[in-house]
Amino acid sequence: MSNLKDKSEYIDLGEIVKLCRRKWYIFLICILGCLGVAMLYIRTHNSEYLVRANMLISTDSSDPGDSMSRLNSLFGSSANVDDELYSVSSHTVLRDVVKKLSLNKTHLTKTGFLQKRFDFEDSPIELVCNPSIADTLRSTLVFTIKVNDKDKADIKVKCRKEVIAEVENATFPVALDTPYGEYTIVTTPTFISGEDQKSTIIFSGYDKAAEDLSENLSIEIANRKANVIELALQSENIDYSRAVLDAIIEQYNLRNISQDNAKHQKTLAFLDKRLELLSEDLTDVEGNIESLKSKQGIVDIQAEVTYQFTKKGKIETELVDTETQYEILKLVRDFLADDSNSTSLVPSTLVNQSQSESNGQAITAYNDLLLQRMRIAQTARPGNKALETLDGQLEAMRSNLVTSLNKSIESYQVALRELKSKMGSTQNVLGQVPSQERVMRDIMRQRTIKEQLYIFLLQQREQIAMLLANGVEKGKVIDAAYALNDEVTMSPKRILALSVIFGILLGLFVIYLQNLLRTKFSTREELEALTDAPILGEICTNRSGQSLVIKNGKTSPTAELFRLVRSNLLFIMSNPSDKVVLMTSTKSGEGKSFISINLAASLAVLGKKVLLVGLDIRAPRLAEYMNMKPGPGFTDFVAGGQTSFDRLIQHPEQLPELDVITAGPIPPNPSELLVNPRVDEFFRDARSRYDYIIVDSAPVGIVSDSLSLSRVADATIYVCRANYTTKSDLRLFGDFYHNKRLPNLALVINGTTAKQGYGYGYGEKKE
């Protein structure tokens, strides 16, 4: 069981406040330190502002051959904004922005102590190099440029903190040859001649600059219910942020227009090829008509067979429609069967002319999947798994489409045979119609089909050409880049206020940590919390440099405290027979001898007969402290037996009325000496002569001498020292107190800080 008093479970706010008041200097140091850090932060960081821009993703398709917008609108959505979000923030777009605005070069100009300004377009000094360097550069180069008032420059180039090039006292323009290429430093129109200047240019490759920009850029969907993408960038330079956001939107739109144009170019090439083939077919048909008419001498067949063809008009109409569908399906099948068109879109306009709804839906799904592949292929790297998966799906769909179209063609062939069979039956009925008319009709029918196809494809070509000439931006600017009025970083006043608050909190933490780790007490209140033994008083730190501070006719704060200890000592020694006071401590250095000397002096100035005995016989220092000459002492009396009591007595010059007996020579057997019967004889004689006997004995934590003397003592004063005596030392005291191993044990605290107390103002001063 611990002999220290158990700590209370409740928090004493009053004690915490007192502790904080005593440790005010810790708060001052912490607050000043935090203010210093805050001032350094303010000096090295400029105010930053947030710039935003909003872009609406267009969901309307202007491509006449694109049926995806109409199909998706049935399900409530006509664009996948998430895909466009990745496209806007893609590395390719950001790299194009970096290249356009030269963001791979960062210009910093020193404006004061530890303070730099970020220059975007008005830097006084510029770096010029071959543009191809930035395409392949994978390291970051730092150019430090110091210009004196004579416009001479000292330039140092570092890469990974190693100097790779350096010139001194150079005149602009300055050429630098480095392992990473040749660079030239030149001045700009904003350069001010005749002034000391210091600039820093950070140069990196386009890829590295794009990665850095991506980390600082925020691109997200503003609202899931709207097709709006919000872009935001935080920087100290508003013009820089505006230029970057506007350039991102511009590059995104240019990239989409380029992709659409590439798709339109492929469609135009297909249409031109088909138109060329149809033109040749029409020429052949016209030649056949001319040849037939010339050979058969036919002038006006229609007038001759009007009546006969009226009957079979319906059959002919069906036959023309069926053959038209048959030719369209063949065109689509031939297009899909051609391996060179594996990555080309099937012109959806051909499908719209088909009456086969299932084939049209399948081709639309194929075009949708192909568009998705084209979009992923723009940013995907070789070996991309998603791209390979799409290729497999496209191949399977193309194979299925070819199979389905073949079946449709076969069905149309069956239908054609049936219609032709009907036509043959009609021809048999119309046996009187010349065979020339039948041949002519077939030729005219082929010409009609070819002409319809030719006109249709020609219309589609003109529409695609118009789209190609007028590219439409997919991202419509709702809000051009704009800056918020208030800065996003904290103002200097707020930073300073927060630093004061943090300094106070840090001070509380430091005090808590000190108390948590501290093994010593510092005040009387802390000692009272650790033990329930009586405390006679406390003595503040003696700064006079003298061992004896109690003198006749002279007062001091320390003397007043000793008088208070004296009063409390006389209270516990109320019995007239109580005369011997044993002074001890845990270890040396706690001020036991100082307390003994001045307590004895305070009793002597009352007119009492007081004897001060130095019984720390292992390390006697009493004579030295009181500036007395060496002479016979206590050990001479006990060990020799020839020295009388009166010969031992000395008187200090500062206080002649005080009798002092020093320890004498150090004996070889201190422990045995103190149990000698002569010790008891000495104290019997002393009791008969004096009112009070103050015994300065050895520390109990080191030797057992004081325990041996407890038999002759009436009271024991245990001296402990603030900020010196440890809690483990107090555990030893608690053992003595609770086991009553020393008589009338009480504490005196030495070395406390002067303070207001007991109704008087005690302030430390030199005497």
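Author: Let me begin with a cut-off: a residue is called buried under 20% relative accessible area, exposed over 50%, and partly exposed in between. Asn744, at 43% relative accessibility, therefore counts as partly exposed. Please keep in mind throughout that this is a predicted model.

Reader: Where is Asn744 found, and what is its phi?

Author: Asn744 is found in the loop between α25 and β20 (745-752). Its phi is near 45 degrees, which is a positive value in a residue other than glycine.

Reader: Which residue besides that one has a positive phi although it is not a glycine?

Author: Lys161 has a positive phi of about 65 degrees, and it is not a glycine. Lys161 has its place in the loop between β6 (152-159) and β7. With a relative accessibility of 81%, Lys161 counts as exposed, because the cut-off for that word is over 50%.

Reader: Let's step back. How many helices and strands are there in the chain?

Author: The chain holds 25 helices and 22 strands. Of its 767 residues, 43% count as buried. If you take the contacts between residues at least 6 apart in sequence, 78% of them join residues at least 24 apart.

Reader: Helix α15, then. How far does it reach from its first C-alpha to its last?

Author: Helix α15, residues 492-517, has 26 residues and reaches 36 Å from its first C-alpha to its last, which is close to the 38 Å expected at 1.5 Å a residue.

Reader: Which residues in α15 are buried, and what do they pack against?

Author: The buried residues in α15 are Ile495, Ser499, Gly503, Gly507 and Ile511. The buried residues of this helix pack against α1 (13-22) and α2 (24-44). As background to that spacing, an α-helix has 3.6 residues a turn, so residues three or four places apart point the same way.

Reader: Switching to aromatics: how many pairs does a search of the whole structure find?

Author: The search of the whole structure finds twelve aromatic pairs. One of them is formed by Phe733 and Tyr737, and it is stacked, with 6.1 Å centre to centre and 20 degrees between the planes.

Reader: Where do Phe733 and Tyr737 lie?

Author: Both Phe733 and Tyr737 lie in helix α25 (residues 727-738), where they are four residues apart, about one turn of the helix.

Reader: And is each of them buried or exposed?

Author: Phe733 has 0% relative accessibility and so counts as buried, whereas Tyr737, with a relative accessible area of 26%, is partly exposed.

Reader: Which residues form an aromatic cluster?

Author: One aromatic cluster is formed by Phe634, Phe637, Phe645, Phe682 and Phe683. A charged residue is also found at one of these rings: Arg678 lies over the face of Phe637, at 4.2 Å from the ring centre.

Reader: What sits over the ring of Tyr690?

Author: That is the charged end of Lys609, which sits 5.4 Å from the centre of the Tyr690 ring.

Reader: Now the open sheet with three strands. In what order do they come?

Author: The order is β4-β9-β8, and the pairing in this open sheet is antiparallel. β4 (125-129) and β8 (174-178) stand at the edges, and because each has a single partner strand, one side of each is left without a neighbour in the sheet. Direction ignored, neighbouring strands of this sheet are turned by 25 degrees against each other on average.

Reader: One last thing: what is the peptide bond from Phe172 to Pro173 like, and where is Pro173 found?

Author: The peptide bond from Phe172 to Pro173 is cis, with omega near -5 degrees. Pro173 is found in the loop between β7 (162-171) and β8.

How values were computed:
Residues numbered from 1 in each chain as written. Predicted model: local features only at pLDDT ≥ 70, side-chain atom pairs only at ≥ 80, totals over all residues. Heavy atoms only, no water. Helix = DSSP H or I, 4+ residues; strand = E, 2+ residues; numbered from the N terminus. Expected span 1.5 Å × (residues − 1). Buried < 20%, exposed > 50% of the residue type's maximum accessible area, 1.4 Å probe, protein only. Contact = heavy atoms within 4.5 Å. Phe/Tyr/Trp six-rings, centres within 6.5 Å; stacked < 30°, edge-to-face > 60°. Lys NZ or Arg CZ within 6 Å of the ring centre and 35° of its normal. Pairing = 2+ DSSP bridges. Axes fitted to C-alpha atoms, helices over the stretch in contact; angles between N-to-C directions.
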